[in-house]
Amino acid sequence: MSLGIQPMRTSFYSSLSLLVAVVAAALPLGIARAEVLCSADVSYTWVKSPPEQEKDDDDDDDPPPTGKPGQKTPPGGQTAAPAAAPAAAPDAPSQPKPSVVRFAGVQRAGYDEAGAKANLQVELNRQKVRASEQCKRDHESLGDCLATKLSARASILNSLGFSARNELEKALQKECSTQQGVCLSVDSSDPQCRTLSAGKGSDGAAADKKNQGKKPESKKK
């Protein structure tokens, strides 16, 4: 029996040694392999609703008489038309400028730049959906905007008295009213990528760079 077990043990240890050698040979390659980190920002653009223009109530009134007070009307019933004064151009209402709001910063890594950008794009698409939802909630729905602000300050509201709570609710409602408008677009910036070395960390690299500038100290006799 011992003669049959000995070759099996030898074969087992030989296979184990071969496996350890393969792992040891592949380990430095895995450690030295670099990774790439790509990042980008997600933002949305909205514009405030223009203020409503007041309607002129004098449109339906009769035009004022052209004759001056005390001026006699000639027999023909017509008065001489006075010289027309140059009409002042009405001031055009200023249109609100679009506002850009940064929503989130996204980072994703990969073994190479193409893989990092692909991973980043997946997350960017997800964050763009969330950015669009927040824009509509904050700027296109007065009720959703007010509900969000009240929910975020629920603990403060519960600790206030009736009058103070009422004043805070009015202030939040006014804040939501002033930021109502239209959502225009959701965008992301161009990916910025950098290589991360899997070897020495940043502290080790900085220490090596610092030591390179030092001259070796000479031993005193």
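Predicted model: local features only at pLDDT ≥ 70, side-chain atom pairs only at ≥ 80, totals over all residues.
Helix α2 comprises 27 residues, 113-139. At 1.5 Å a residue, a helix of this length should span 39 Å, and the end C-alpha atoms of α2 lie 37 Å apart, which agrees with that expectation. The buried residues of α2 are Ala116, Leu120, Glu123, Leu124, Gln127, Ala131, Cys135, Asp138 and His139. An α-helix has 3.6 residues a turn, so residues three or four places apart point the same way. The partners against which the buried residues of α2 pack are β1 (35-48), β2 (99-110), α3 (142-152) and β3 (181-188).

Lys136 also belongs to helix α2. Apart from neighbours within four places in sequence, Lys136 is in contact with Ser141 and Cys183. Between Lys136 and Gly181 the separation is 45 residues in sequence, while their C-alpha atoms are 9.1 Å apart in space.

Helix α3 also meets helix α5 (residues 162-178); the axes of the two come within 9 Å and cross at roughly 135°. The two helices are therefore oblique to each other, and α3 passes α5 in a right-handed crossing. On the α3 side, the contact involves Leu142, Cys145, Leu146, Lys149 and Leu150, which meet Glu169, Leu172, Gln173, Glu175, Cys176 and Ser177 of α5. By class, this contact has six nonpolar, two polar and three charged residues.

Conventions. Residues numbered from 1 in each chain as written. Heavy atoms only, no water. Helix = DSSP H or I, 4+ residues; strand = E, 2+ residues; numbered from the N terminus. Expected span 1.5 Å × (residues − 1). Buried < 20%, exposed > 50% of the residue type's maximum accessible area, 1.4 Å probe, protein only. Contact = heavy atoms within 4.5 Å. Axes fitted to C-alpha atoms, helices over the stretch in contact; angles between N-to-C directions. Parallel < 35°, antiparallel > 145°, perpendicular 65-115°, else oblique. Left-handed = near helix turned anticlockwise from the far one by under 90°. Nonpolar A, V, L, I, M, F, W, Y, C, P; charged D, E, K, R; others polar.
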